[in-house]
Amino acid sequence: MGMNVSRQVDLTENEYLQRFVGKTHVPAYDDDFWNNFLQYHINLPTSSQEQLSLDLRLESLCQSFISHNLHTGNFGSLINVFLLKVSELLTLSDTESNVHIWHAFNALFIIRCLVKYMIETGSEYQLLQHFEALPVQPADSDTTPNESHSTGTGQTAIPVDVRAVEETKAAVAKLVDGTKFETFLEALVNIIVVIPVKEFTYHLHLEAVNCMIILLSVSLFSQQTMEKSTIYRTIYRCQHANTLMSALLHFLSRMSQAPQTMFGFGTGGSFVFGIAESLWSILTFARKQPDILTAHDLPTAFREHYPLANQSLLLILILTNHHATKDNPYRISLFGCSDSQDSPKKDPATFKIDFSSLYNTLCRIVTIDQATLLLYLLLYRNQRFQKYVMAQQNLQQLVIPILQTLYNAPDSTSHHIYMSLIVLLILSEDDNFNRSVHQIMLKNITWYTERSISEISLGGLLILVVIRTIQYNMLKMRDKYLHTNCLAALANMSGQFQSLHPYVAQRLVSLFETLAKKHARLDQQLKQPNGPNGEPDVSIPIGGGLTSEDMLQDLSVLEEVLRMVLEILNSCLSHQLVYCPNLVYTLLYKRNVFEAFRSHSAFQDIIQNIDMVVGFFSSRLQRVQEQRGELGVNEVLEVISKGASQWSSDRLRKFPDLKFKYVEEDAPEEFFIPYVWTLVCKAGCVHFNSETIKGVSAEIVC
């Protein structure tokens, strides 16, 4: 399967595993058993192939566990052991806690494997049954000091210390106050928010985040509404939403790289604290040495080398996008956070985080689908963060990667393209942004290959890429809403267009020309008499399987797009003509492309403005040519610049300023929940069995 496996161990032959999944109850206070059971080393599976290999090796054990646990209650014992380990971790120093962290991680990994199996193969009710299951009969090991207990393999272990047993029982009873699941969830939250992230705690934090994602994945494998889910109700009434969201966002913002070893294990699998060789070896998958985070394979590098940041980001998206139209404490928390560098204000924040660090991290990874989605949520819903971003002097660090995503549209999903455009639209709602992008000059943009441009403004590059996206959409996607968002962003910027590069001006007018030619072809085809009365018959296919009705719809969309392009040109001429001589030059050169629309009722009014500008500068050029003869490009631009200083925009017909604002639809969950779970399944470190997915995301995830 393309993997290097260091050890091939038949897990069904392991005596501790056999006892755990078998018919005999293992009490939580059986330290001898649990210390041996939790003494193993594994590198977490990071691909679907590795996960599949592990799932297959564990399947028979999981089936045995399901068959026996409701009678043995061993899952509850494991939970209790885990809870006790976590409780002790919160009071131990670093030097004391290494072994506890190792055992807590191993316990949590086993819990995660079992929970994942139960969610994928059973119901939520059955899962909760296993959480709460108690042993049907008292454990044989609850004996006097002089008695001994069996390990289940015919061997006799050391005598049990009754006092130690009773103390452990009391500690476990104190931990399990309320339902077992709620207490377990609280322990996961404590790991995430209380224990500091260090090299030897990194994978414990990662496993806690992964386990929360697994629990929330119940929505993938169930057709019941999440309002009826006990797991969802418990998670969404968590009293620590602010601290949990803060911790997850800090994990992302700091973007700590995964340590090359786990808990001091080297590649050989030995433990530096002198623990004996593992009695239970699972799989040790070969790992590449970490590479620098590079743009050409950013999603893979981010997932493999920064898994805690990646999984925390995905968990943030899950928590904030479910219950989007209801009381969602995680959503409120994310949208209400503020910059830790701000001075205290009357307006309280849910939590504080360094916006500078978060902004820089998002700039590094914004070409990743899930990062774009988080950026959208913060810009659209968190006014403090939006204000911070708009005030940045290095906007190119954020905008250029977004433009690269749009430029490489065939390599991205339609959802990613759409969200990238929405981010640009939200940014373009700010006039300061629209001015700033034309003041930021860029050199040698090597990834833009349509034409070699030595220097261009960020605003000019933005216009070029958005125009290219429109043309790509016309050919490939034919998405009306994508057109609308592209043009809305350009329209918002049009009143601030300045110093447009000659190629940018050409592309703006060429966009209209391309659309006009398509409009003419469609119009001509529709005028062909197909029906009995000489009218088009909308039911007859015309070329490529399209009916006249399809073509009428396309024509209607085209006319809307053409109108918006004209409005964008008019807005620039009305507000920034003196700063855009190259656009005037291009309009003079391409004046014939507007000919067919001068008498069209949908365009006549706005074409008059463009004709007036073209006519004014044409007459001036004609007079100069009569005096000097044929003019070169620089001389024409000189005439235009002088004429612009004498031009008055009062001559033009007034149109309302172009201002578009993005508004989320009424039922955002219908779009975002399947989208988020698709990202979790495709970009996450936890891999699910897609064959059994049947929830709201089944059609997309699969």
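**Salt bridges, core and backbone**

Modeller: Start with a charge pair: Glu567 and Arg563 meet through their side chains in a salt bridge, 3.2 Å from N to O. The rule is a side-chain nitrogen of Lys or Arg within 4 Å of a carboxyl oxygen of Asp or Glu. This is a predicted model, where local features need pLDDT of at least 70 and side-chain atom pairs count only at pLDDT 80 or more, while totals for chains, interfaces and linings use all residues. Residues are numbered from 1 along each chain as its sequence is written, and side-chain values use heavy atoms, without hydrogens and water.

Biologist: Where do Glu567 and Arg563 lie?

Modeller: Both are in helix α24 (residues 548-576), 4 residues apart, about one turn of the helix. Helices are DSSP runs of H or I with at least four residues, strands are runs of E with at least two, and numbering starts at the N terminus.

Biologist: How many salt bridges are there by this rule?

Modeller: The count is 17. Side chains of opposite charge can pair when their charged atoms come close. Arg19 pairs with Asp30, with the closest N and O atoms 3.5 Å apart. Arg19 lies in helix α1 (residues 15-21) and Asp30 in the loop between α1 and α2 (31-37), so the bridge ties together parts 11 residues apart in sequence.

Biologist: Is Arg19 buried or exposed?

Modeller: Buried means under 20% relative accessible area, exposed over 50%, partly exposed in between (1.4 Å probe, protein chains only). Arg19 is buried at 10%. Asp30 is buried too, at 5%.

Biologist: Which residues form a network of salt bridges?

Modeller: Asp55, Lys116 and Glu120 are linked in one.

Biologist: Now the core. Which residues have the most contacts inside the largest one?

Modeller: Nonpolar side chains tend to be buried together in soluble globular proteins. A nonpolar core is a set of buried Ala, Val, Leu, Ile, Met, Phe, Trp, Tyr and Cys residues joined through side-chain atoms within 4.5 Å. The largest here has 231 residues, and those with the most contacts include Phe82, Phe184 and Leu249. Helix α5 (residues 94-121) gives the largest share, 14 residues. Phe82 touches several residues, among them Ala104, Leu108 and Phe184. A contact means heavy atoms within 4.5 Å.

Biologist: Which residue has a positive phi of about 45°?

Modeller: Met255, although it is not a glycine. Met255 sits in the loop between α11 (241-254) and α12 (298-305). Met255 is buried, at 5% relative accessible area.

Conventions
Lists of a residue's contacts leave out its neighbours within four places in sequence.
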